[in-house]
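Keep the model open beside you as you read.

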Amino acid sequence: MEEMRARYEPFGGIIALKKPAATVYVDQEYMQGLGFADSPLWHVRRAHLSAPITAHFAVTHRCPMGCRTCYNAAGIASSCELPTTEAKGVLDVLAQMQVFTVAFGGGEPLAREDLFELAEYARQRAIVPTLTTNGFYIDRQTARRCRVFSHIHVSLDGIGEQYQAVRGADGFEHAARALTLLTKYGIAVGVNCVVCRTNFDHLEELVRFTTRLGVRDVIFLRLKPAGRAQSVYESLRLTPQQRMQFYPYLTELTLRYDLYCHCDCAMMPFIYWHHPDEETLRLFAGEGCVGANEIIEILPDGRIKACSFATKTAGRADDLPQVWNTGHAFEQFRRWTQTAPEPCRSCRYLQLCRGGCHAVAEALTGTFDAPDPECPFVEERRT
C-alpha cells in the first residue's frame with residue numbers, strides 16, 4: 001500500500017489508497033489495528049458520513065460547446081463566479097473536513113485560467129484533484145499540465161457523427177484529440193458517456209474506440225431532465241426496453257473488452273431490476289443515490305447542493321461544516337427512505353437504491369418525494 005489516508009467515521013473509518021487506487025470502508029477494530037486511537041465519532045449514532053468523500057466543484061459556467069444535453073445550460077460565465085482567492089477558500093473548507101477528492105467540472109473547467117493553480121492548491125491541502133472536460137481546450141501543452149490531476153474523464157457520447165447526433169454540437173474531434181494526448185502523457189484517462197435513446201445501440205463502438213486508445217474506464221451516465229436537456233428529454237431518454245436491457249449490455253461490454261465499464265448512481269434502478277445479490281452490490285459499491293453523503297456539488301458562485309442535479313441549495317461552501325449534519329436540503333436526501341412510498345417501501349433494494357434519481361422524479365412528477373418514475377419496478381406497478 002502507498003500513501004494511505006484515513007478519516008474517522010461512526011462505523012470505524014474510511015481509508016483512501018493511492019496504489020492500489022481504492023476507497024475502503026473499515027470497522028473500528030480494523031482502524032485500531034492500523035494504530036488509530038479511539039475517536040469521539042465512534043460514540044455517535046449517525047447514518048451519514050462525517051463529510052463527503054468527493055466534492056464536485058463546478059468552477060465555471062463558461063463553455064464553448066453549447067450542447068443541447070448540458071444539464072448546466074453552460075455557455076457564458078456567470079457574473080458571480082468565485083475568484084481565485086475565494087475558490088481556494090472553498091478548498092480550505094474541504095481540507096478542514098477531510099474530503100478526499102475534489103472533482104473539477106463546469107461548464108468547461110479548462111475555460112478557467114486559474115484551474116491548474118487551483119488543482120495544485122488542492123494537492124497542497126491533501127485533496128486529490130480530478131477533472132471532467134469536453135477536451136475542447138486540450139492541446140499538447142495543456143495535456144502536459146494536466147498531469148496535476150489524479151485522473152481525467154473526457155465527455156464522449158458517441159463516435160464520429162454519433163457525437164453530434166446526441167449533443168447537437170460537433171465536438172468529437174476535440175474529445176478524441178484530448179484522449180490521445182492525455183494517454184500519451186501517461187495520465188489516467190476515462191470517458192464519461194451520457195446514455196440516451198440515440199446512442200444506446202452504439203455503445204459498443206464507443207467502448208471499442210476507447211479500448212484502442214488505452215482508456216482506463218468508461219462511466220455510463222443517465223440523461224437527466226436538467227438545464228438544456230429538459231427540452232430534449234422526452235425524445236432522448238431511454239425507452240423502457242432499453243432501461244431493462246442496460247445491465248446485460250453493460251456486463252457484456254465489460255467482459256468482451258476487458259474494460260472497467262460502470263455507471264452513475266442514477267442508473268442503479270435499471271440494474272436492480274435484474275435482482276443482483278445485495279452483498280455483492282455492497283462489496284462493489286453498487287449503490288443508488290449518494291447525494292448529501294458520499295458527494296456534494298459546489299456551484300461556480302460557491303453555493304452547495306446535495307448533488308449536481310438537486311434543485312435546492314444548502315447554503316454556501318463556507319457554511320458546509322455547520323450545515324452538513326442539519327441542512328434541510330441534505331436531510332431531504334438522507335431521510336427519503338424513512339417515508340418511502342410504494343413500491344419502494346417494499347423493495348428489497350430500498351436501503352441501497354434510496355428511491356432512484358430524485359432529480360428525475362422531481363422533474364417528471366413535480367415532487368421530490370416520488371419514487372423514480374423510470375425505475376422498472378415502478379413502471380411495472382403502474383401497468
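A disulfide is a pair of cysteine sulfur atoms within 2.5 Å. This is a predicted model, in which local features need pLDDT of at least 70 and side-chain atom pairs count only at pLDDT 80 or more, while totals for chains, interfaces and linings use all residues. Residues are numbered from 1 along each chain as its sequence is written, and side-chain values use heavy atoms, leaving out hydrogens and water.

Let's start with the cysteines. The structure holds zero disulfides, and the table shows two cysteines whose closest sulfur partner is too far for a bond.

| Cysteine | Closest cysteine sulfur | Distance |
|---|---|---|
| Cysteine 146 | Cysteine 63 | 15 Å |
| Cysteine 289 | Cysteine 265 | 5.5 Å |

Buried means under 20% relative accessible area, exposed over 50%, and partly exposed in between, using a 1.4 Å probe and protein chains only. Cysteine 146 is buried at 0%, and cysteine 289 is buried at 11%. Across the protein chain, 56% of the 383 residues count as buried.

Now for the overall fold. The protein chain has 16 helices and 13 strands, which are DSSP runs (H or I, at least four residues, for helices; E, at least two, for strands) numbered from the N terminus. Its C-alpha atoms fill a box of roughly 55 × 55 × 45 Å along the principal axes. With contact meaning heavy atoms within 4.5 Å, 67% of the contacts between residues at least 6 apart in sequence join residues at least 24 apart.
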